[in-house]
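Colleague: I've got a model open and I'd like to learn how to read it. Could you walk me through a few features?

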Amino acid sequence: EHYTKYSDKYDEIHKTLGYNEPHHVVKCLLNYNFEKSIEICDFGCGTGTAGVELKQVGEFQNIYGLDGSEGMVEQCKKLGVYKEVAVNKVGTDPFPDGYEGKFDVAVVCGCYYFGHFPKEATRAILKTLKPHGYYFFSIRDNIEVEESLGYGKDFSDLKNEGLIEELERIPFVKWQGLKPSENEPQTYFETPSHVVVFRKLN
């Protein structure tokens with residue numbers, strides 16, 4: 001409900017906050033020189049910022065999107081960059097029919113945080129990938145987040161179980177806006193983050 005309420009202003013708000021995860025995730029993805037015809041799913045797609053970069057910069061043709069907010073999904077549909085976009089609470093809801101083993105690449109931007117993806121999301125997303133499919137996602141360098149939400153342990157378990165390998169972890173800075181009051185100027189602070197690349201092993 002929160003995201004649906006602000007869906008029409010979401011992109012403007014995120015520009016103010018310095019939301020740059022989609023740019024860094026897509027930039028990393030482009031280094032792998034995938035065919036333009038691969039099937040990509042943007043999990044937690046929001047208003048489609050990553051989808052736009054994948055389409056316009058990467059020239060990918062088959063982009064799908066899932067998000068837990070109806071308002072966000074409606075904004076995505078207006079873009080015309082997604083082949084299909086649907087409402088889905090990733091890690092909680094079952095995925096649409098035909099999603100298991102469907103995708104060559106999965107992307108997630110800014111969803112590994114409080115109030116966003118549960119730790120179950122990673123395993124669920126991996127099930128939608130083909131064998132040796134790629135998973136690109138952004139995550140903040142925050143031990144409290146990784147430990148309290150169980151992300152870090154789940155990543156380690158997946159590696160120990162032989163389900164994934166981590167190919168790289170690329171640092172970037174997420175800039176966040178802070179405006180204490182109407183009379184004070186906009187200021188920004190750095191949040192160290194990474195783009196992480198997993199490859200599914202089977």
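This is a predicted model: local features need pLDDT of at least 70, side-chain atom pairs count only at pLDDT 80 or more; totals for chains, interfaces and linings use all residues.

Colleague: Which residues of helix 3 are buried?

Modeller: Buried means under 20% relative accessible area, exposed over 50%, partly exposed in between (1.4 Å probe, protein chains only). Helices (H or I, at least four residues) and strands (E, at least two) are DSSP runs, numbered from the N terminus. In helix 3, residues 21-30, the buried ones are Glu 21, Pro 22, Val 25, Val 26, Cys 28 and Leu 29. Down the helix 3 axis they fall within an arc of 155°, so they line one face; the arc is that of the directions from the helix axis to the C-beta atoms.

Colleague: And what residues does Leu 149 touch?

Modeller: Contact means heavy atoms within 4.5 Å. Leaving out residues up to four places away in sequence, Leu 149 touches Tyr 113, Phe 114, Lys 119 and Glu 144.

Colleague: Where does Leu 149 lie, and is it buried or partly exposed?

Modeller: Leu 149 is in the loop between helix 7 (143-148) and helix 8 (151-160). Its relative accessibility is 25%, so Leu 149 counts as partly exposed. Its C-alpha atom is 8.8 Å from that of Tyr 112, 37 residues apart along the chain.

Colleague: How many cavities of 30 Å³ or more are there?

Modeller: On a 1 Å grid over the protein atoms alone, a cavity is a set of points where a 1.4 Å probe fits but cannot get out, and lining residues have an atom within 4 Å of a point. Grid points are joined across faces, edges and corners, and a volume is the space filled by probe spheres set on the points. The whole structure has one cavity of 30 Å³ or more. The largest cavity has a volume of about 40 Å³, and its lining includes Glu 21, Tyr 112 and Tyr 113.

Conventions
Residues are numbered from 1 along each chain as its sequence is written. Side-chain values use heavy atoms; hydrogens and water are left out. On a 1 Å grid over the protein atoms alone, a cavity is a set of points where a 1.4 Å probe fits but cannot get out, and a pocket is an open set with protein on both sides within 12 Å along at least five of seven lines; lining residues have an atom within 4 Å of a point.
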